[in-house]
Amino acid sequence: MGKVERVVFLSLVLDLFAFTIPLPLFPRIIEWYAKRESSDPNGFLSRTLSFVSSTRALVYQPTSNPQRWDVVLLGGLMGSVFSALQWFISPRIGALSDKYGRKRVLLLTMIGNILSGLVWLKSTTFATYMLSRIIGGLSEGNVQLAIAILSDVTTPQNRAKALAHVGIAFAVCFIIGPPIGAYFASRPLPQSITASGIEFNVYAVPAALTVVLLTIETIFLVVALPETRGKHAQSVPKQTAANGSGTTNGAANGKANGATHQTSRQATVVDRIQMLKTLQHLHFLFLGVFSGVEFTLTFLTFDLFDWNNKENGALIGSIGIISALLQGGYVRRALAKVGEGNMARRGISSCAIGLIFLTILPHMVANHRTVAIRLLQAAAACMAMTSATVVNSLTAYASIQCDDVSVDADTGKVAEEHPELAKGKALGKFRSSGQLGRAIGPLLACASYWTFGPSLTYAVSAVAMFALSSKMKSVTKRRTILSTKSE
């Protein structure tokens with residue numbers, strides 16, 4: 001791992017640690033605000049919960065404790081709002097980083113993240129808490145800029161291996177962050193602070209920990225991260241045949257993706273822009289389905305098994321652990337042989353198989369509860385494989401389309417990139433498409449779950465995943481080689 005890669009990985013760990021700390025607190029935060037603001041029927045939270053309850057009642061009437069369902073649904077809606085803001089801002093953050101530099105824009109987004117944490121620390125009303133989430137949604141740029149930075153300093157041959165560190169950081173932090181957040185949620189602020197009479201959020205300690213982590217990350221980036229915009233890592237030339245032809249995308253993008261490409265037949269700019277659009281479309285559809293399935297798992301375990309938060313946390317934690325092990329032990333090693341496109345296809349197919357297990361599961365609960373739990377565990381393992389492979393592979397596949405290694409014959413300098421292929425902007429659009437899927441998917445999945453039931457919802461999702469897998473097969477056969485200056 002190179003110096004820049006180490007810096008990016010450590011900053012991601014700090015950033016995602018701070019991001020995952022409040023995740024298990026959403027339902028309890030909403031309940032705390034509901035108790036504080038219950039006396040005001042015209043308050044922001046009361047009107048929001050009333051809207052959620054009315055919308056839920058159109059498709060589902062729970063037999064008991066409807067308020068708990070509304071709180072869970074509102075938590076999901078808050079996540080959708082965050083993703084929608086990311087969909088809006090990601091391309092703009094990427095374009096700014098192309099113009100002003102990755103490091104400068106990243107530090108600006110860090111200031112926004114710290115401000116979001118400070119607003120949460122002091123938020124004593126639901127409206128101010130939502131303000132902190134909005135600021136955070138508009139400021140979160142660490143992940144996409146980390147991908148752009150890694151794309152700046154790596155070659156197509158080792159790109160996917162470097163980007164696997166992003167997935168590993170996600171997996172590790174989603175395992176550690178939520179339990180840490182739950183632990184510090186029970187810790188009070190020091191007496192010296194509460195004695196001042198200043199009122200803080202009920203979960204001020206996790207909020208303060210988030211601010212501290214983000215501040216440390218910002219200082220670390222100022223000191224350790226160099227500017228990478230405009231830098232081009234040199235590809236290691238591969239042995240060529242006697243006729244002078246050879247592969248340009250290395251093992252990860254040559255035969256493994258369905259074709260051996262020659263340097264004399266380079267993909268055009270139009271081809272690569274079209275490939276990026278195709279990958280954006282696949283990213284949107286995949287995360288739309290996958291994020292919906294993830295969100296409804298909580299309803300499934302609560303509805304059919306009557307699991308509590310601890311049991312649900314163990315299930316989600318197991319998915320994270322398996323995903324981290326797969327990324328570190330399998331994905332990074334196999335990508336060079338398998339290729340980004342085929343690796344993504346394997347993950348999508350694994351998700352489809354997991355959804356088949358979930359389709360069968362509800363019919364087994366009444367008479368074969370042990371079998372139903374085994375099916376849930378098998379589905380979780382399949383989801384872990386999906387988490388470990390698809391998004392990282394698609395991201396690496398998209399980043400390769402952005403490479404412009406054209407060299408001017410007279411000056412020997414790298415030619416200017418096409419505006420649509422500039423890494424920051426192109427990868428920002430790619431991430432934006434996925435965030436739109438994350439914003440829409442849980443809402444549609446919940447509506448389907450409550451209207452048609454879990455079996456039909458998961459069966460339709462499985463068919464959608466198999467269709468995406470088929471589409472991915474055709475994509476991997478298309479040329480994804482680097483553009484060079486036409487002769």
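Predicted model: local features only at pLDDT ≥ 70, side-chain atom pairs only at ≥ 80, totals over all residues.
Visitor: Hi! What counts as a helix here, and from which end are helices numbered?

Guide: Helices are DSSP runs of H or I with at least four residues, numbered from the N terminus.

Visitor: Is Ser90 buried or exposed?

Guide: Buried: Ser90 has a relative accessible area of 0%.

Visitor: And which residues does Ser90 touch?

Guide: Not counting residues up to four places away in sequence, Ser90 touches Gln144, Gly428, Arg431 and Ser432.

Visitor: Let's stay on H4. What about Met78, buried or exposed?

Guide: Met78 is also a residue of helix H4. With 4% relative accessibility, Met78 counts as buried.

Visitor: What is Met78 in contact with?

Guide: Leaving aside neighbours within four places in sequence, its contacts are Phe26, Ile30, Phe126, Tyr129 and Met130. Take Phe26: Met78 and Phe26 are 52 residues apart along the chain, and their C-alpha atoms are separated by 8.8 Å.

Visitor: Which one gives the most?

Guide: H4 does, with three residues. Val81, for instance, is found in helix H4. Its relative accessibility is 32%, so Val81 counts as partly exposed.

Visitor: Met78 and Val81 are both in H4. Why would residues a few places apart in a helix point the same way?

Guide: An α-helix has 3.6 residues a turn, so residues three or four places apart point the same way.

Visitor: How far apart are the end C-alpha atoms of H5?

Guide: They are 31 Å apart. Helix H5 (residues 102-122) should span 30 Å at 1.5 Å a residue, so the two values agree.

Visitor: Now the inside. Which residues of the largest nonpolar core touch the most other members?

Guide: This core has 115 residues, and the ones that touch the most other members are Leu279, Leu355, Leu358, Leu361, Leu376 and Met465. The element that gives the most to this core is helix H12 (residues 269-305), with 16 residues.

Visitor: Tell me about Leu376. Where does it lie?

Guide: Leu376 lies in helix H15 (residues 369-402). Its relative accessible area is 2%, so Leu376 is buried.

Visitor: What is Leu376 in contact with?

Guide: Beyond its neighbours within four places in sequence, Leu376 is in contact with Leu297, Leu300, Thr301, Phe305, Trp307, Leu315, Leu358 and Leu361.

Visitor: Last topic: how many salt bridges does the structure hold?

Guide: Eight. In one of them, the side chains of Arg56 and Asp70 meet at 2.9 Å, N to O. Arg56 is in helix H3 (residues 44-59) and Asp70 is in helix H4, so that pair, 14 residues apart, links distant parts of the chain.

Visitor: Arg56 and Asp70, buried or exposed?

Guide: Arg56 counts as buried at 4% relative accessibility, and Asp70 is buried too, at 7%.

Visitor: What about the pair of Asp152 and Lys423, where do they lie?

Guide: Their side chains meet in a salt bridge at 3.8 Å, N to O. Asp152 lies in helix H7 (residues 142-153) and Lys423 in helix H16 (residues 423-452), so the pair ties together parts that are 271 residues apart in sequence. Asp152 is buried at 2%, and Lys423 is buried at 3%.

Visitor: Which residues are linked with them in a network of salt bridges?

Guide: Asp98 and Arg102 are linked in a network with Asp152 and Lys423.

Conventions: Residues numbered from 1 in each chain as written. Heavy atoms only, no water. Helix = DSSP H or I, 4+ residues; strand = E, 2+ residues; numbered from the N terminus. Buried < 20%, exposed > 50% of the residue type's maximum accessible area, 1.4 Å probe, protein only. Expected span 1.5 Å × (residues − 1). Contact = heavy atoms within 4.5 Å. Core = buried A, V, L, I, M, F, W, Y, C linked by side-chain atoms within 4.5 Å. Salt bridge = Lys/Arg side-chain N within 4 Å of Asp/Glu carboxyl O.
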